Amino acid sequence: MAEQLVPSALLRKADKILFVAHLALGDFTYMQNCFRAFARAFPHIRMHLWVDEVRRTPDASQWEHLRKYALYDWVKACGMFDKIYDQTYSPQLYKQSIDEARAEHYPIVVSFAVLRRHLYAELARKLSPQGFIVAQKKRVRLLDIRKHLAYRKLDAFVPAYAATGQGQHISAIYAGWFESLFGIAIPESERFPYLDVSAQWQQRARADLRAQGVADDAPLVFLNAFSKSEERSWPLQRMVELAGRMRNLEKWRDAHFILNVVPEKLAQARSVIAADQSGKLRLFSAEENFFQLPAVLSLCSLIVSVETAVMHLANAVHVPVVALMRQTSPEWTPIDAANSTVLSVKTRKGWLTEISVDDVMAVLTRDA
């Protein structure tokens, strides 16, 4: 193995470290294990986390939604970080957060950002003018002076990975980063995602379902059509159709179907299911706390989800999942192959709309 990027002598004397990432729920599902391994290897180093909001905007009407990003509940609850910078969603708060971080005089800053890498190299140096700075780096064209200058600010860099061709799962890629950075070996057995869902949230999920007339012994199917990007989403009408056709199978005849909806799409979802006469469709949105989501997932017998965090959280709560995926990100296939069925689009850059209800039903009928 090549010499680790962050010198051992620096790690021995450092009292804290700042990790920078534009984390999504799916990222943290697998990176949580890496942070846990770091905490065990270097118990004397306090971990701080900068969660950069790539949707940062001066539009004040969007701030409330961005402020309540579900990831913040999870990273706070995991208990590994002494400080979390989670107010980077507006230009003013972003500047205040930079000033706050500079006052910490971090001896080590590591950026895991894989989008606009050169900007995060600049940010890392801005956050710690005198510290040891590491960030992701991608090959730069000869005349792209801005990027060359940005990468010169780094003391070391993690090479960008190729999304296709490596044959590695994202959990292995993340583990590889931590090994190259800190000399920490994270075996495959310690990369499986985990979630600590308290009894409080499990009881709350069950109580909410009872209030909607769902008996404790009723089979539950969780359906998620929404992603942050259109190409990774499925029309909600198809999920409604899927639920109706699943009820024709003996296995799911008495099932209730929980349709996951992001808060900003609730009004649209209500109009879509208004015509349903089955009484078996339930809208769900984790508007109060992130842990509402895994608590409900853990009560289900099956999860059908588009290519987003839900399909990884399904593995974390050990519920079988049918995952609808594009071909562009094979490293993001759910890690639990035994309990995951992946339906892929037929063309290399195809959108999930290429997958039909018939395609999903073929899988479910076969399994039934």
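**Around Phe-112.** Next I looked up the largest nonpolar core, which has 80 residues. Such a core is a set of buried Ala, Val, Leu, Ile, Met, Phe, Trp, Tyr and Cys residues joined through side-chain atoms within 4.5 Å. Buried is under 20% relative accessible area, exposed is over 50%, and partly exposed is in between (1.4 Å probe, protein chains only). Phe-112 is among the residues with the most contacts inside that core, together with Phe-19, Phe-35, Phe-38, Phe-178, Phe-182 and Phe-222. There is also a second, separate core of 35 residues, and Leu-223, Ala-243, Val-261 and Val-345 are included in it.

**My ground rules.** I number residues from 1 along each chain as its sequence is written, and my side-chain values use heavy atoms, with hydrogens and water left out. For a predicted model, local features need pLDDT of at least 70 and side-chain atom pairs count only at pLDDT 80 or more, while totals for chains, interfaces and linings use all residues.

**H10 against H14.** At what angle do H10 and H14 pack? I get about 35 degrees for helix H10 (residues 236–246) and helix H14 (residues 357–367), with their axes 10 Å apart. Helices (H or I, at least four residues) and strands (E, at least two) are DSSP runs, numbered from the N terminus. The axes are lines fitted to C-alpha atoms, for helices over the stretch in contact, and angles run from 0 to 180 degrees between N-to-C directions. From the H10 side, Arg-238, Glu-241, Leu-242, Arg-245 and Met-246 meet Val-357, Asp-358, Val-360, Met-361 and Leu-364 of H14. I sorted the residues of this contact into six nonpolar, no polar and four charged.

**Ser-171.** Is Ser-171 buried or exposed? Ser-171 is buried, as its relative accessible area is 5%. I placed Ser-171 in helix H8 (residues 170–182). Its side chain makes a polar contact with the side chain of His-169 (2.8 Å). A polar contact is a pair of N or O atoms within 3.5 Å; within protein, one must be able to donate a hydrogen and the other to accept it, and residues adjacent in sequence count only if both atoms are side-chain atoms. Not counting residues up to four places away in sequence, Ser-171 touches Tyr-30, Arg-191 and Ile-335.

**Arg-125.** I then went to Arg-125, in helix H6 (residues 117–127). Arg-125 counts as buried because its relative accessibility is 16%. A polar atom of the Arg-125 side chain lies 2.9 Å from the backbone oxygen of Gly-131. Beyond its neighbours within four places in sequence, Arg-125 is in contact with Gln-130, Gly-131, Ile-133, Lys-153 and Asp-155.

**Positive phi.** Last, I noted Arg-116, which is not a glycine but has a positive phi of about 45 degrees. Arg-116 sits in the loop between strand E4 (108–111) and H6, and counts as partly exposed at 44% relative accessibility. His-318, also not a glycine, has a positive phi of about 60 degrees. I found His-318 exposed, with a relative accessible area of 58%.

How values were computed
Contact = heavy atoms within 4.5 Å. Nonpolar A, V, L, I, M, F, W, Y, C, P; charged D, E, K, R; others polar.
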